[in-house]
Amino acid sequence: MIDHVPNVLQALDGSAVAVPQPPPDMPRALQGPGTARPNTRRFVKNEILARISLQDLAAMGEFLEPVVLREHMVLQEPKKQLDHIYFIESGLVSLRIVAAGAILETAVIGNRGAVGASLLVGGHLPTHQCVMLVPGSAHRIRVEDLRHVMRERPGIRENVSAFVQALSMHCAQTGLCGVRHDREKRLACWLCLASDALAADVLPVTHDYLSSLLGLRRPGVTETLIRFEEQGLIHKTRGLLRIEERTFLEQKACSCYKLISGAYLSNEPAVCTMDLAG
């Protein structure tokens, strides 16, 4: 069930604007700014919306509906028609392939992205499941309304397309990473990418989750996380993992981290590649 929160786009002229508050069940550690990058719009945290012009944002504003996203909420199902596109404001979405009773995560989406955006540039039914890993909030818009606005406002299409291109690269690079890089590099890469997407240094993940979603054996995940903690890179408590030394954790990660994070930061075409030196 989706709960409504005050409309954040009531005033685009610089007057007071209500900002959605974090869900009451979100841990306090996840509500802080963390490593979030500066945003050009005080009243939107989603980076796609923050990059478009005020005129384009105003054109979308009448159709945008702020919503609260609860943990485990499914925003997208494979091979099912989407009604809404979700521009994520806060929280963390797991993008997954589901087949034969197994799941494999291919990307995570936070406030720099949107769930369902690929439908707007490809025109096909979604192939992934999108599930809220960390509760948060979003602005949602009906698919047909956004298509209409994009036809009238090419700047919106350009920004949505840039994200979709980066996300496609993210998914493809994850597949390559899974067959090329070792467990330690992959875990460090995932932790850094999830931290970026959530804009926080505390991640509500368990050993079981990391094992199942990354296709790794649980004992191996536990062994690697213990080693990271002994090195002072992370600190684990029950159900939570805090990144303590981000710079050194990035150094542990495979080359995929810089390739993927760079794709989201750039508006240039994203090219999937693999550094064999890893």
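In what order do the 3 strands of the open sheet run? The order is β8-β10-β9, and the pairing is antiparallel. Strands here are DSSP E runs of at least two residues, helices are H or I runs of at least four, and both are numbered from the N terminus. Two strands pair if DSSP finds at least two bridges between them.

First, the ground rules. This is a predicted model, where local features need pLDDT of at least 70, side-chain atom pairs count only at pLDDT 80 or more, and totals for chains, interfaces and linings use all residues. Residues are numbered from 1 along each chain as its sequence is written, and side-chain values use heavy atoms, with hydrogens and water left out.

Now confidence. pLDDT is the predictor's confidence in each residue, from 0 to 100. The protein chain averages 82, and 80% of the residues score at least 70. Residues 1-40 have pLDDT below 50; beyond near neighbours in sequence, that stretch has 82 contacts in the model. A contact means heavy atoms within 4.5 Å. Residues 268-278 also stay under 50. For them the model has 27 contacts beyond four places in sequence.

β8 (202-203) and β9 are the edge strands, each pairing on one side only. β8 joins β10 through 2 bridges. There, V202 stands opposite R242 in β10. Helix α8 (residues 218-230) packs on this sheet and touches β9 and β10. The direction of α8 makes about 125° with that of β9. On angles: axes are lines fitted to C-alpha atoms, for helices over the stretch in contact, and angles run from 0 to 180 degrees between N-to-C directions.

β9 (residues 234-237) and β10 (residues 240-243) pair over 4 bridges. T237 faces L240 across that pair. The two strands form a hairpin with 2 residues between them, and G239 in the turn has a positive phi of about 80°.

There is another hairpin to show. β4 (residues 84-99) and β5 (residues 102-109) run antiparallel, joined by 7 bridges. S94 has V108 as its bridge partner. Again 2 residues lie between the strands, and A100 in the turn has a positive phi of about 50°.

On to the helices. How far apart are the axes of α5 and α10? They are 8 Å apart, at an angle of about 170°. The helices α5 (residues 154-180) and α10 are therefore roughly antiparallel. The cut-offs: under 35 degrees is roughly parallel, over 145 roughly antiparallel, 65 to 115 roughly perpendicular, and the rest oblique. The α5 side of the contact includes F163, M169 and H170, and the α10 side includes L259 and Y264. The contact residues divide into 10 nonpolar, 3 polar and no charged. Nonpolar covers Ala, Val, Leu, Ile, Met, Phe, Trp, Tyr, Cys and Pro; charged covers Asp, Glu, Lys and Arg; the others, Gly among them, are polar.

α10 (residues 256-265) also meets α6 (residues 183-198), with axes that come within 9 Å and cross at roughly 20°. So α6 and α10 are roughly parallel. Among the contact residues are C189 and D196 of α6, with Y257 and S261 of α10. This contact has 6 nonpolar, 1 polar and 1 charged.

Last, α7 (residues 207-214) and α8. Their axes are 9 Å apart, at about 120°. That makes them oblique. H207, D208, L210 and S211 in α7 meet R218, V221, T222 and L225 in α8.
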